Amino acid sequence: MRQFTSDELRKTWKQFYIDRGHVDVGAVSLVSDGSTGVLFNVAGMQPLMPYLLGQKHPLGTRLCNVQGCVRTNDIDSVGDKSHVTFFEMMGSWSLGDYFKEERCKWSFELLTQVFGFDADHLAATVFAGDENAPRDEEGAQFRIASGFKKENIYYLPAEDNWWGLEYGPCGPDSEMFYIADRPDCGPDCGPGCSCGKYTELGNDVFMQYEKHHDGSLTPLKQKNVDTGWGLERILAFLNGTRDVYQIDLFAPVIAYIEKASGTKYEQDENLTRSMRILADHIRTSVMLIGDEARLLPSNVGAGYVLRRLIRRAVRHGRVLGLTAEHIIKTAEIFIDDIYAESYPRLKENKEFVLTELKREINRFESTLENGMKEFRKILEQKKQAKAGEIDGKSAFYLYDTFGFPIELTVEMAQEEGLKVDEDGFGKAMEEQKQKARENQNFEAKLSVENAALYESLDASVVSEFVGYDSLKAESAIAAISAGTEWKDALAEGEEGTIIVSKTPFYATMGGQCGDTGVITCGGSEFTVEDTVKLPGDRIGHVGRVTKGSLKKGDTVTLQVGAENRGDTCKNHSATHLLQKALRLVLGDHVEQAGSFVNGDRLRFDFSHSSAMTKEELEKTERIVNEQIGLSLPVVTQVMSIEDAKKTGAMALFGEKYGETVRVVKMGDFSTELCGGTHVGNTGEVRLFKILSESGVAAGVRRIEALTGNGVMAYYAKMEQELTEAAAIVKTAPTELLSRLSHLMAELKALHSENESLKSKAAKDALGDVMDQVQEVKGVKLLAAKVTGVDMNGLRELGDQLKEKLADGVVVLLSETEGKVSLIAMATDGAMAKGAHAGNLIKGIAGIVGGGGGGRPNMAQAGGKNPAGMDEAIAACAKVLEGQLS
């Protein structure tokens with residue numbers, strides 16, 4: 001076998017197929033576009049699904065690439081020699097071009113002529129056939145014809161050698177194995193056996209059938225081939241190891257962890273496992289944050305998976321005695337050394353990646369110590385009680401208070417021989433969500449105590465919402481409640497909740513506020529102030545009787561307030577446009593983290609770690625208004641959740657959906673799962689204006705905005721304030737900008753004059769200090785103090801003295817109102833000899849009761865002990881001497 005580096009293997013793979021007429025299509029984002037219903041791209045073929053289904057690829061019918069993939073379904077297995085969460089899949093495809101003969105021939109050539117495997121040690125599996133599809137004799141014959149020995153062809157069932165989704169393209173696959181030179185472990189020893197004699201090398205999938213909804217198979221018009229080989233696994237094998245953590249994609253990081261932790265790899269089983277977990281999880285985190293989608297840690301969707309990876313890495317770093325700085329260094333090794341050539345985007349985004357990684361590590365470490373103490377306390381309590389598991393409420397407490405992902409609690413409990421009540425955890429989380437909904441939506445109108453009242457109602461009393469297409473309906477009153485009691489009737493002036501069997505009133509759900517309106521019967525009228533969702537699939541109309549009276553059994557007319565519903569629809573539809581616009585501007589890491597829409601305004605919370613820039617906000621607003629201007633049709637379809645995922649519809653992570661869902665599509669721009677009400681086309685929204693953007697939690701931002709009439713009212717108010725502001729500075733609104741510019745120029749001139757006076761005063765206070773220059777190992781040092789000069793003044797003085805000094809180091813200290821300011825500057829010549837302003841400041845700041853630092857050429861600090869200024873100045877020479885070579 002020939003040995004390879006990872007870079008050589010990537011290049012060799014792609015060149016092999018380019019020489020055979022394939023086009024390198026490159027890699028796409030690790031974060032899925034949502035079209036396959038998963039968070040990440042988990043296979044090389046996933047981004048090519050539309051083309052495997054028949055769509056024409058712009059680059060032709062023969063394709064190849066090396067695609068990064070992320071899989072976390074077996075994250076608990078990471079820590080052994082083979083499992084990883086990020087991996088690279090080397091792939092090649094035929095889209096209706098060549099089929100089994102060429103594929104089998106090229107696979108054998110790759111194995112023997114390129115990788116140097118001995119043909120006698122190669123085996124292949126083929127589909128054994130079943131009641132749905134015949135045995136793949138064709139595949140077996142082409143394997144033998146290509147060079148595989150007949151006795152090394154194995155027929156395996158569909159669970160091993162069949163590929164396909166629920167329906168669509170499918171077919172037999174054929175895996176290739178290396179046979180180790182050792183005896184069989186038993187009579188059933190063969191490919192797939194766990195004894196280690198057979199090692200999987202690659203897989204060829206032959207998509208030759210189409211599976212229909214009834215389960216039947218018919219020949220596929222466009223027969224495809226999908227070939228996938230795992231880079232890490234094949235690289236390890238070619239280099240004589242079964243341990244992927246010893247290949248060049250991990251070895252430098254493992255070596256650094258060994259050095260930093262003082263632990264030798266494979267010396268201790270548990271510590272080696274922690275080494276592998278740390279290396280793997282940081283590699284995956286670096287890849288996800290540095291990806292074109294710029295994924296960020298959050299509590300939703302893919303961001304939650306990233307948060308879990310980072311926090312698990314931190315925990316295992318602690319096991320090894322490593323600090324946050326050590327963990328960040330492993331990330332730097334991946335970026336600067338291991339993937340510098342193959343993933344240049346990481347180097348370009350290095351600062352962003354490390355900043356976000358540090359932010360998440362610091363966020364977790366701030367609560368980790370107390371969380372671990374609490375975990376150990378819970379653990380001790382359970383052991384004393386001889387309990388076999390940690391209850392769900394305790395696990396949720398660790399999550400809610402200390403940020404421990406449930407998976408982390410489960411893992412730590414397993415290490416102590418305990419289980420965790422994960423169902424109880426889910427129940428506790430749902431209870432908290434429900435309380436939040438009640439606090440936000442029901443307020444005083446429906447308390448938690450009322451739940452028992454509604455659960456006592458006959459189960460046949462349910463409400464059907466009929467308000468998607470009409471704002472008016474007739475129905476009989478099925479039940480009336482007031483407070484915690486059932487009532488037969490409500491008289492004029494009385495408050496209560498009315499339940500009917502059919503209603504056009506939308507109940508508060510999914511962030512959309514409930515409808516308002518009226519319920520009438522003859523001359524009686526009930527004003528609906530809110531509409532709420534009640535237990536047992538019921539809708540409650542909360543309000544008061546304003547005329548006459550209403551009783552149970554009355555046939556009533558329910559009329560939704562058209563203006564409020566219309567404005568609410570505008571705001572709700574605008575949130576869909578906003579979410580898509582944010583993903584276009586900020587990246588695919590953006591996911592909904594909450595929303596609120598009523599007739600007045602909209603609020604949208606989303607996952608993103610930093611404040612949006614002015615340009616990003618303007619671009620987002622412009623995109624939304626462009627889509628409004630296009631009057632895109634808003635179409636709603638009801639379909640199964642599986643079909644909805646295949647449309648690429650955005651779903652709210654963590655939300656529970658039924659078997660059927662509503663998919664709201666706005667042209668080709670936005671597709672989301674949503675049960676709310678919307679406009680008929682985006683043009684009805686009329687206008688969209690962002691009012692503010694702010695942070696509401698770690699990794700979650702919030703946009704508040706207006707639409708339609710709200711925007712018009714906003715601009716009317718702004719015009720009024722503009723007129724009032726112009727009057728204050730005695731000018732017309734059209735001349736306000738000119739007038740303010742003139743006033744600012746006057747203010748600037750006065751400020752400049754003031755600064756000149758301050759600068760002169762600072763020079764006078766310092767006096768002539770050039771006679772205080774001393775020489776330290778051939779480097780000039782000027783350290784002096786002054787009184788009443790602020791940091792800006794010190795910087796200006798420092799620049800002037802550095803210019804006079806020509807070459808050397810300047811240190812200045814100043815006392816102002818009992819506080820000390822320090823600044824240090826070093827010239828290029830001084831830095832070349834070892835001088836470092838930042839480290840010099842660090843060395844003396846403590847003497848004046850402060851701290852600080854900075855760059856090699858300039859640094860500053862503050863302190864609270866003016867009495868130490870003379871001592872600090874005296875210490876400068878000693879600190880500088882220690883820096884110079």
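User: How many positive and negative side chains does the protein have?
Analyst: The protein has 101 positive and 130 negative side chains. The centres of the two sets lie 3 Å apart. Lys and Arg count as positive, Asp and Glu as negative, and His and the chain ends are not counted. Each charge is placed at NZ of Lys, CZ of Arg, CG of Asp or CD of Glu.

User: What kind of model is it?
Analyst: This is a predicted model, where local features need pLDDT of at least 70, side-chain atom pairs count only at pLDDT 80 or more, and totals for chains, interfaces and linings use all residues. Residues are numbered from 1 along each chain as its sequence is written, and side-chain values use heavy atoms, with hydrogens and water left out.

User: How many helices and strands?
Analyst: There are 25 helices and 35 strands. These are DSSP runs numbered from the N terminus: helices are H or I with at least four residues, strands are E with at least two.

User: And what does the C-alpha trace span?
Analyst: About 100 × 95 × 65 Å along the principal axes.

User: What share of the residues is buried?
Analyst: Of the 885 residues, 49% count as buried. Buried means under 20% relative accessible area, exposed means over 50%, and partly exposed is in between (1.4 Å probe, protein chains only).

User: What about contacts along the chain?
Analyst: Take contacts between residues at least 6 apart in sequence: 68% of them join residues at least 24 apart. Contact means heavy atoms within 4.5 Å.

User: Switching to helices. How do helix 9 and helix 14 cross?
Analyst: Helix 9 (residues 301–319) and helix 14 (residues 406–415) have axes that come within 9 Å and cross at roughly 35 degrees. Axes are lines fitted to C-alpha atoms over the stretch in contact, and angles run from 0 to 180 degrees between N-to-C directions.

User: Which residues make that contact?
Analyst: Helix 9 brings Y304, R308, R312, R315 and H316. Helix 14 brings I406, E407, L408, E411, M412 and E415.

User: What classes are they?
Analyst: The contact has 4 nonpolar, 1 polar and 6 charged residues. Nonpolar covers Ala, Val, Leu, Ile, Met, Phe, Trp, Tyr, Cys and Pro; charged covers Asp, Glu, Lys and Arg; the others, Gly among them, are polar.

User: Now I289. Buried or exposed?
Analyst: I289 is in helix 8 (residues 269–290). It counts as buried because its relative accessibility is 0%. Leaving out residues up to four places away in sequence, I289 touches R294, L295, L306, I310, F352, V353, E356 and L357.

User: And S6?
Analyst: S6 lies in helix 1 (residues 6–18). At 4% relative accessibility, S6 counts as buried. Among the residues S6 touches are L231 and D248.

User: Where is G26 found?
Analyst: In the loop between strand 1 (23–24) and helix 2 (49–52). G26 is partly exposed, at 27% relative accessibility. Its C-alpha atom is 7.0 Å from that of V66, 40 residues apart along the chain.

User: Which phi does R686 have?
Analyst: A positive one, about 70 degrees, although R686 is not a glycine. Most residues other than glycine have a negative phi. R686 is in the loop between strand 27 (670–673) and strand 28 (688–697).

User: What about E817?
Analyst: Phi of E817 is also positive, near 50 degrees. E817 is in the loop between strand 32 (809–816) and strand 33 (819–826). At 80% relative accessibility, E817 counts as exposed.
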